[in-house]
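Please examine the sequence and the structure shown below.

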Amino acid sequence: MGLYLGLDTSNYTTSAAAFDAGAGVIWQVKRPLPVKEGELGLRQSDAVFFHTRQLPEVLERLREDLGGRPLLLDGVAASDRPRQAEGSYMPCFLAGSGMARGLSAVTGAPFVSFSHQQGHVAAALYGADKTAWLDRRFLAFHVSGGTTDALLVEPDGDTVLRCETVATSLDLKAGQLIDRVGRMLGLPFPAGPALERLALGGSGVYRPRPSLEDGSCHLSGVENQCRDCIARGDPPEEVARFCLCSVLAALDGMTTALLRRFGDLPLLYAGGVMSNTLLRRGLEARYGGAFTPPSYSADNAAGIAFLAAIRSERRI
């Protein structure tokens with residue numbers, strides 16, 4: 001029962017976490033990547049630069065949170081790609097995986113890598129107190145700025161869990177839609193929290209019909225509808241509410257299709273977009289499902305550290 005370090009360097013956040021396998025406790029430190037006002041993200045070269053600059057500061061803060069003592073690590077892990085799929089790659093993950101491999105080399109602690117998506121699912125299981133699901137089959141949604149994926153998750157002896165994409169957004173991702181509509185409304189990036197606050201002030205009752213194709217969804221039409229709403233002078237609160245109701249309708253339709261296809265499997269909702277109050281209320285009311293606190297829903301290294309511990313402890 002040791003101490004495991006996890007690093008995650010997504011296109012949004014620099015994150016480090018430590019998991020004490022004996023106590024079952026996670027410490028984590030995150031720092032968002034800086035995005036210029038009016039822009040909707042970063043080029044990969046800029047993301048790598050900011051991660052390189054922020055990683056030492058994040059690790060220093062993590063050590064302070066752990067009492068300032070030297071960390072005697074039993075394992076080091078990092079996310080090294082977006083998904084568990086051949087050819088899945090983003091340069092930003094090189095920053096975290098390179099740092100983790102270097103720490104492994106000088107400390108002697110074994111290094112292991114996982115996908116960013118595996119980390120999201122594992123963190124959500126930990127935060128929702130559903131870690132027993134690691135030994136069973138279930139369905140998970142990973143909904144974020146760059147992903148709107150439905151996953152069939154199964155236990156895997158080598159990588160702890162295997163995530164197979166069984167449905168997705170075929171154009172805009174939910175987080176991209178939210179950020180684009182947020183920019184139309186003059187909201188800061190990332191727009192999720194501000195758009196949610198606006199939407200909660202709206203009073204309209206919207207039941208948009210989702211655009212679905214074999215269980216996957218299309219969201220680009222929602223962007224055009226929101227633009228038309230703004231052009232005709234609809235209140236910002238109602239535009240925001242319509243946008244989120246449209247995302248909810250898409251996720252609702254995807255969930256129904258997946259349950260019809262795979263049977264009555266447990267449901268897990270992960271990713272930064274799934275910390276949205278309106279989405280959570282709507283999906284919980286119809287399907288139940290497991291949700292996790294925002295700190296384990298948005299991009300984080302907690303799931304990576306947790307997976308490293310599970311993989312190592314099972315091999316002892």
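At 8% relative accessibility, Cys-229 counts as buried, because buried means under 20% relative accessible area, exposed over 50% and partly exposed in between, with a 1.4 Å probe and protein chains only. This is a predicted model, in which local features need pLDDT of at least 70 and side-chain atom pairs count only at pLDDT 80 or more, while totals for chains, interfaces and linings use all residues. Residues are numbered from 1 along each chain as its sequence is written, and side-chain values use heavy atoms, with hydrogens and water left out.

The cysteines may be considered further. A disulfide is a covalent bond between the sulfur atoms of two cysteines. Here it is assigned to a pair of cysteine sulfur atoms within 2.5 Å. For Cys-229, the closest cysteine sulfur belongs to Cys-226 and lies 5.9 Å away, which is too far for a bond. Cys-92 is buried as well, because its relative accessibility is 0%. Its sulfur is 18 Å from the closest cysteine sulfur, that of Cys-163, so this distance too is too far for a bond. By this rule, the model has zero disulfides.

The next subject is the sheet. Helices (H or I, at least four residues) and strands (E, at least two) are DSSP runs, numbered from the N terminus. Two strands pair if DSSP finds at least two bridges between them. Five strands form an open sheet of mixed pairing, in the order E3-E2-E1-E4-E5. E3 and E5 stand at the edges with a single partner strand each, so one side of each has no neighbour in the sheet. On average, neighbouring strands of this sheet are turned by 20 degrees against each other, direction ignored.

Which strands pair with E4 in the parallel sense? E5 (residues 111-115) pairs with E4 (residues 75-81) in the parallel sense over five bridges, and Ala-78 stands opposite Ser-113 in E5. Between E4 and E5 the chain passes through helix H2 (residues 92-107), and this β-α-β crossover is right-handed: with the strands pointing away from the viewer, the path from the first strand over the helix to the second runs clockwise. H2 lies across E1 (3-9), E4 and E5, and runs at about 160 degrees to E4. Six of the seven residues of E4 are buried, so this strand is largely enclosed by the rest of the structure.

Helix H4 (residues 174-184) also has buried residues, among them Leu-177, Ile-178 and Val-181. The elements that cover the buried residues of H4 include strands E6 (138-143) and E7 (148-156), together with helices H5 (192-200), H6 (220-231) and H7 (236-262). Contact here means heavy atoms within 4.5 Å. After H4 comes Gly-186, with a positive phi near 75 degrees.

How do the axes of H5 and H7 cross? They come within 7 Å and cross at roughly 110 degrees. Axes are lines fitted to C-alpha atoms, for helices over the stretch in contact, and angles run from 0 to 180 degrees between N-to-C directions. H5 and H7 are therefore roughly perpendicular to each other, since angles under 35 degrees count as roughly parallel, over 145 as roughly antiparallel, 65 to 115 as roughly perpendicular and the rest as oblique. Residues making this contact include Leu-195 and Leu-198 of H5 and Ala-240 and Leu-244 of H7.
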